[in-house]
Each structure stands twice: as C-alpha cells, then as structure tokens.
Amino acid sequence: KGILYFSEIDFEEVLNRIKKYSLGIYGIEPWKNGEYFDVLGYEDFTNDPTDSTWYFKAFESFKETQQNLQHAATYYFPKSIWP
C-alpha cells in the first residue's frame, strides 16, 4: 500500500528524471505478478545513492531477466530541496 510500481518503460523514464534533477535512489525492488522478485541497493555498487551509474546498471540487470517486472524504488532527495 502506498508504493508505486512502474512498468519497465515507465521506470526507465523515472530513472532518467532522477538523473536529470541530481536526485538519487537507495534501492530498486522489482516485483513479478504481485510477488517479490529481488532487490538491489546502491551499497551493492557504490557509496553514493546519486551515482546514476549504479541504478542504470541495476535496472539493466533486471531487464536482462526478461521477466516483465514491475519496479519500485526508494528515493534520495538532498536536504537542499526540502522546504
């Protein structure tokens, strides 16, 4: 409840916007048919959640499974943009 799941195509757009606005991602959690599939976090690749290399690499690894996954993520927003 309260978690947004995106198709592969839509999630790729989410990633592009995260990169464009210099935000970050803590983790990506794909689901298949409403069931947990896997999770990858920035700590698996780097020490910086804003490093777009990690989340694009993780996303590509999930795409390569060809499982028609739905994707969710936890996002990093720098304190400088908080009201």
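**Strand pairing**

I began with strand β1 (residues 24-32) and strand β4 (residues 70-76), which pair in the antiparallel sense over seven bridges in this predicted model. For pairing I required at least two bridges found by DSSP between two strands. Helices (H or I, at least four residues) and strands (E, at least two) are DSSP runs, and I numbered them from the N terminus.

Strand β2 (residues 35-36) runs antiparallel to β1 and is joined to β1 by two bridges. Lys 32 stands opposite Glu 35 in β2. The hairpin of β1 and β2 has two residues between the strands, and Asn 33 takes a positive phi near 50° in this hairpin.

**Conventions**

I noted that residues are numbered from 1 along each chain as its sequence is written, and that side-chain values use heavy atoms, with hydrogens and water left out. As the model is predicted, local features need pLDDT of at least 70 and side-chain atom pairs count only at pLDDT 80 or more, while totals for chains, interfaces and linings use all residues.

**Core**

I took a nonpolar core as a set of buried Ala, Val, Leu, Ile, Met, Phe, Trp, Tyr and Cys residues joined through side-chain atoms within 4.5 Å. Buried means under 20% relative accessible area, exposed over 50%, and partly exposed in between (1.4 Å probe, protein chains only). The largest such core has 16 residues, and those with the most contacts inside it include Phe 11, Ile 25 and Trp 54. At least two residues of this core come from each of α1 (8-20), β1 and α2 (52-63). Helix α2 gives the most, with five residues.

I listed contacts (heavy atoms within 4.5 Å), not counting residues up to four places away in sequence. Ile 25 touches, among others, Leu 15, Ile 18, Pro 49, Trp 54 and Tyr 76.

Phe 77 lies in the segment after β4. I counted Phe 77 as partly exposed because its relative accessibility is 37%.
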